[in-house]
Amino acid sequence: MVAAALAEAITHPAAGAALDIEQVSHAFDIDGAELPVLSDVSISVEPGEFVALLGPSGCGKSTLLRLVAGLDRPKAGTLREDERRIRSPHPSRVVVFQDPTLFPWRSVWDNVALGLEAQGILKSQRHRVDDALDLVGLAAFRNAYPHQLSGGMAQRVALARALVNDPRILILDEPLGKLDSLTRITMQSEIVALWQRKGFTTLLVTHDAEEALVLANRVFVFSERPARVKADIRVDRPYPRHRGDPYLADLRRQILGLLGLDATW
Amino acid sequence: MSTYSLSDGLASGAPRLTRAPLLAGWLKESGAGVAASAIWIAFGLSCLWWEDVGDWSRTRSLGIAAFIIAAVALFGTVGADYLGSAGRGLRQRAPWLVALGAFLTLWEVATAKFAWLPLPFFPPPQAIIEVYTDDLPKLLDSVFASVRLQLGGYLIGAAVGFLTGVSIGWSRAVGYWVHPVLRFIGPLPATAWLPIAFFTFPSSWSASTFLIALATGFPVTVLTWSGVASVSNAYYDVARTLGAKSSFLVLKVAIPAALPHVFVGLFMGLGSSFAVLVVAEMIGVKAGLGWYLQWAQGWAAYANMYAALIVMSLLCSGAITLLFAIRDRLLVWQKGTVKW
Ligand SMILES: Nc1ncnc2c1ncn2[C@@H]1O[C@H](COP(=O)(O)OP(=O)(O)OP(=O)(O)O)[C@@H](O)[C@H]1O
Ligand SMILES: [Mg+2]
């Protein structure tokens, strides 16, 4: 028992990390004109929390995720992972992008193995790739090339490619947007199960208020571009959650109101 | 089909009931083969029937060879079902055999038999066969010399071009220095360097190698470069968030993503290096197929020229086939690539 627990702790040393986004503002230059995208965004995420970000299209959600990943530096403000300033990408923060962006020249298996290979630990950790593929139900397609996959399958491969790294912060940019509703619901509960088992901190961007409420501890609602935090909503409900839960339905109406929709439905 | 035996059922897959579809099916499958056989018999007869207007020693052998090919065409296509993939291949190519036989017959009659085409300039098929049998050692020497020169120059040019292209595409500093040089020198046809190269290099062989490498290197460099430059940033983002260092980004992201472009460059380089090879051999190197052509022209040995041209075209086509085969191996992940 102890040995097994120890082995578990060694292969998965990372529980979630805390994430602090402090007064972050960002802007892009488009044809010389400045386009403000984030305006004074502050979000503080506890280790192991599941946070959903909701906001209108084009408001700056993906931009914020790129800053968290360390792919871009903000124009103002700071981002911290466990007190350490985020300056560059690190495999402890893995992103599942809005497009699956699989490498077309690599088979499914090799795509999932990408992170381990880049970190030089693939040789001793090959089973992790197989496990991740099993997890998303694509073990049979390990030798297929990305052009042979459907959109939803490609998105699942992208998810496996992220999970195989045992991230401390998992960053999901509408990862389920392309899936049919059935697969979507299955994947949602898979993500919750994974998150509960491994304890990573999760940052999920979604368009779907219901998805946010079924999955997250906290839901942040953003304004139109430039994005500001409009609301920080705690969802105190045990898992597994039910879509029909009146408490969630109430929150959903509240969120849709914040997003500018009449709550008549 | 009144009796049914086991061997019947095994030999002909589906049972055929009436005679008309049977005949139609047979014609469809073997008709072209039979036609090919007939036309090759005609070719053989055209060789043997009339007297040659000139003095060629291989007319009889050619006629007999034509009959043999006719026999192979006939039995090969009629009995294709027993010959596996070879039989199927022969059936597929039978229409081409018909066309080729017709062309050869016409050629034979127009040159060796009635001299409708002016003679020394248009040698008959048997004259070219004669070259292959009687001048074989010299021709083989020339082939080896050409292949060696071409291979050496091409490999050097391709390697240097690839490395240069990757460096320019990847590093701004390298691009700053190399790009202007590339723009200045690259578009110049490599053959323009011929006069200078032949007296600055220690041997005409090294000069030609350099020129072939130059002709190969330019397109390979430019296309590798554009391939590396056009790799989507999204791929780099993915790799970086997964912990990739820059060596990984170059070797495992930029280069594989650029590979389809690289092969276009290699293909273009192959074409332009062939041109340089032939010119270099004609002018400076006293060996190789280009030189053989030149030599044959000097002696007004037109049959030798055609013979060398045919070999050259087979070699060039073979080289391109090989390149495409390598590409198809490396780029299996691409869909819808052109078959050569
Ligand atoms: N690299 C860039 N250069 C210039 N402008 C950009 C760049 N990336 C994003 N933008 C702009 O920033 C704004 C926010 O983009 P972002 O991708 O963050 O939106 P989003 O909230 O993720 O939208 P969606 O929900 O549709 O994905 C957009 O108006 C976009 O035009
Ligand atoms: Mg987005």
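These notebook entries record what I looked up in a predicted model.

**Conventions**

I worked from a predicted model in which local features need pLDDT of at least 70 and side-chain atom pairs count only at pLDDT 80 or more, while totals for chains, interfaces and linings use all residues. Residues are numbered from 1 along each chain as its sequence is written, chains are lettered from A and ligands numbered from 1 in the order in which they are written, and side-chain values use heavy atoms, with hydrogens and water left out.

**Entry 1: the open sheet of chain A**

I began with the strand order in chain A. Strands (E, at least two residues) and helices (H or I, at least four residues) are DSSP runs, numbered from the N terminus, and two strands pair if DSSP finds at least two bridges between them. I found an open sheet of six strands in the order 6-7-8-3-9-10, with mixed pairing. Strand 6 (93-96) and strand 10 (229-234) of chain A each have a single partner strand, so one side of each lacks a neighbour in the sheet. Neighbouring strands are turned by 15 degrees against each other on average, direction ignored; the axes are lines fitted to C-alpha atoms, for helices over the stretch in contact, and angles run from 0 to 180 degrees between N-to-C directions.

I then examined individual pairings. Strand 3 (residues 50-54) and strand 9 (residues 218-222) of chain A run parallel and are joined by four bridges; L54(A) has V221(A) as its bridge partner in strand 9.

Helix 2 (residues 61-69) of chain A touches strands 3, 6, 7, 8 and 9 of chain A, and its direction makes about 155 degrees with that of strand 7. Helix 9 (residues 246-258) of chain A touches strands 3, 9 and 10 of chain A, at about 175 degrees to the direction of strand 10.

**Entry 2**

Strand 6 and strand 7 of chain A pair in the parallel sense over four bridges, with V96(A) opposite L172(A). I noted that both faces of strand 6 are covered: R93(A) and V95(A) on one side, V94(A) and V96(A) on the other, are all buried. Buried means under 20% relative accessible area, exposed over 50%, and partly exposed in between (1.4 Å probe, protein chains only).

**Entry 3: the magnesium ion**

I looked up the protein donors of the magnesium ion (ligand 2): they are S62(A) (OG) and Q98(A) (OE1), lying 1.9 to 2.4 Å from it. S62(A) is in helix 2 and Q98(A) in the loop between strand 6 and helix 3 of chain A, 36 residues apart. Donors are N, O and S atoms within 2.8 Å of the metal (3.2 Å for Na, K and Ca), and water is not among the atoms, so sites may look incomplete. S62(A) counts as partly exposed at 26% relative accessibility, and Q98(A) as partly exposed at 36%.

**Entry 4: W105(A)**

W105(A) lies in the loop between strand 6 and helix 3 of chain A. I recorded W105(A) as buried, at 11% relative accessibility. Beyond residues up to four places away in sequence, W105(A) touches Y145(A) in its own chain, and Y235(B), K252(B), V253(B), P256(B), A257(B) and W333(B) in chain B.

**Entry 5: helix 7 of chain A**

Helix 7 (residues 181-198) of chain A has 18 residues and reaches 25 Å from its first C-alpha to its last, close to the 26 Å expected; the expected span is 1.5 Å times one less than the number of residues. Its buried residues include M187(A), I191(A), L194(A) and W195(A). The buried residues pack against strands 3, 7 and 8 and helices 5, 6 and 8 of chain A. G199(A) follows helix 7, with a positive phi near 75 degrees.

**Entry 6: strand 1 of chain A**

Strand 1 (residues 19-30) and strand 2 (residues 33-45) of chain A run antiparallel and are joined by nine bridges. They form a hairpin with two residues between them, and D31(A) in the turn has a positive phi of about 50 degrees. Five bridges join strand 1 to the antiparallel strand 4 (residues 76-81) of chain A. I21(A) stands opposite I43(A) in strand 2 and opposite L79(A) in strand 4.

**Entry 7: chain B**

Chain B is divided into domain 1 (17-119) and domain 2 (136-330), with bounds from an automatic or database domain assignment. The domain centres, taken over C-alpha atoms, are separated by 40 Å. W193(B) is in the loop between helix 7 and helix 8 of chain B and is partly exposed at 24% relative accessibility.

Methods:
Contact means heavy atoms within 4.5 Å.
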